[in-house]
Amino acid sequence: MYIDGDETGFADMNQMTIPAPQVLLAEVTHRCPLQCPYCSNPTELIKKDREISTTDWGRVFAEAADLGVLQVSISGGEPAARRDLTELIRAARDADLYVNLITSGIGLTQGRLDDLVEAGCDHIQLSLQDVDSDGAKLISNMDKSLERKLDFARWVRERSVPLTVNAVMHRLNLDRLPETIELALELGARRLEVANVQYHGWAALNKKVLMPTQEQSSRTNQIVAEARESLHGRLLIDYVPVDHYAEYPKACMNGWGRVALIVAPNGSVLPCHNATTLEHLSFPNVRDQSLSTIWYESPAFNAYRGDSWMPEICRSCDRKEIDFGGCRCQALAILGDASAADPVCSRAHPHSLVIATDETPKVGEVETSKQITYRPNS
Amino acid sequence: MTVDLIPPSVTPQFDHGVRLKHDKVRERYVVLGPEILIELNQTGTAIMSEIDGQSTITDIISRLAARFEVNPNDITQDVIEFCTSMVMRQVLRI
């Protein structure tokens, strides 16, 4: 416990001032039929025999709702790899949560989709690897994955469930962004996420193949801005720019332990997807403690709240309540210090730091699956 | 970006997958939808509570005016602007 609220405007850390969480990301499994080389799961995947049970998840959803969580995103891996997905969705709705299903669409039949919708699935977010069939195969390492997703998107629309297309963008597909936007419209999506790969975990292993050029990045900014204008009222576009070409850090997770919590397949509770890379922290488990205790009292969730952990340059910065100091995992991965200023920040570091430490991609290199480190399709 | 205001003759309803919820932990109402989480203030809550898929904006304005004992003309612009912003954010459809 520390008190430094007087000078900085940040209140001291106690249960009265820590905001209640609003969002739960339920990573119900790490198993997935696809093998995308930028998967947000940690490189050390949790196996099926360590996954928590249907009953455990029901308790997690109820505790989350009591704690103030309003929305749950049921994600993976591929959540449909769990046979009890319908029961999980029903349990989340019974807890009065808004239920988003984040899926690849692979492994869901029309009959199973009917069950999920009947159980109360409010919204479906479909991941899209590429609008080009070969490009989609190169990334997913599965034949006809694009074609199967297109069928799935049609089934979702036929059931009047709102559809968001989550297009993960990188050097190999960014030049097809206009076609990606077109496809989202054709599929009847009301929202499109143009999400550039975040270079952690699996993606960090594949940075050389996936990192877009600065020129691609700038063009993307322009295409998104134009599409937002011309499609206003028809398609909402959420945009995650290439972090490494930004001037300031992203507000990673909207701040550590501020808005969201993640429950991993084994019941481990994390402030962000990649937090397990922060090996100096030990993450509590829903099997041992209540979510409330974990959120308000655990050392892991309190580690990077407020500003007492920040280096002076961040603590005195007027952006600290905008980006909350940025990404801790990136600071550790690139600078070797999880408490350092985010390496992206141009105020704290020479602007070229992130790019210089990367292997800058060379356009025109032959890209084949041999150059890609796929995640296993466990 | 300029936005055309919706006319008061239209009948707004919640878009697919959007609902109003009482947030018991924070003692407020919120709008929940796909990637949508909007905290409502008292005015927003009053307007959204009147959305029933049957009433026009004009109907809603007169009910609110009666409920809060104000002149309908004084709240017309606010209600139309609020509903327009909710349409733009895909919370309401008309």
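Okay, let's start at the hairpin of β2 and β3 in chain B: there are four residues between the strands, and B:Glu27 takes a positive phi near 50 degrees. Keep in mind that this is a predicted model. The two strands, β2(B) at residues 19-23 and β3(B) at residues 28-33, pair antiparallel over five bridges.

Now go along to the next hairpin. β3(B) is joined to β4(B), residues 36-39, by four bridges, again antiparallel. Here B:Val30 bridges to B:Glu39 in β4(B). The turn has two residues between the strands, and B:Glu35 in that turn sits at a positive phi of about 55 degrees.

On to the helix, α2(B), residues 57-68. Twelve residues at 1.5 Å each should span 16 Å, and the end C-alpha atoms are 16 Å apart, so that agrees. Which residues of α2(B) are buried? They're B:Ile57, B:Ile60, B:Ile61 and B:Leu64. They cover an arc of only 100 degrees around the axis, so they lie on the same side of α2(B). Just after α2(B), B:Glu69 has a positive phi of about 55 degrees.

Last bit, the two chains. 19 residues of chain A are in contact with 13 residues of chain B. On the chain A side, that's six nonpolar, eight polar and five charged residues.

Key. Residues are numbered from 1 along each chain as its sequence is written. Chains are lettered from A and ligands numbered from 1 in the order in which they are written. This is a predicted model: local features need pLDDT of at least 70, side-chain atom pairs count only at pLDDT 80 or more; totals for chains, interfaces and linings use all residues. Two residues are in contact if their C-beta atoms, placed from the backbone, lie within 7 Å. Ala, Val, Leu, Ile, Met, Phe, Trp, Tyr, Cys and Pro count as nonpolar, Asp, Glu, Lys and Arg as charged, and the others, Gly among them, as polar. Two strands pair if DSSP finds at least two bridges between them. The expected span of a helix is 1.5 Å times one less than its number of residues. A residue is buried if 20 or more other C-beta atoms lie within 10 Å of its own, exposed if 12 or fewer, and partly exposed in between; C-beta atoms are placed from the backbone. The arc is that of the directions from the helix axis to the C-beta atoms.
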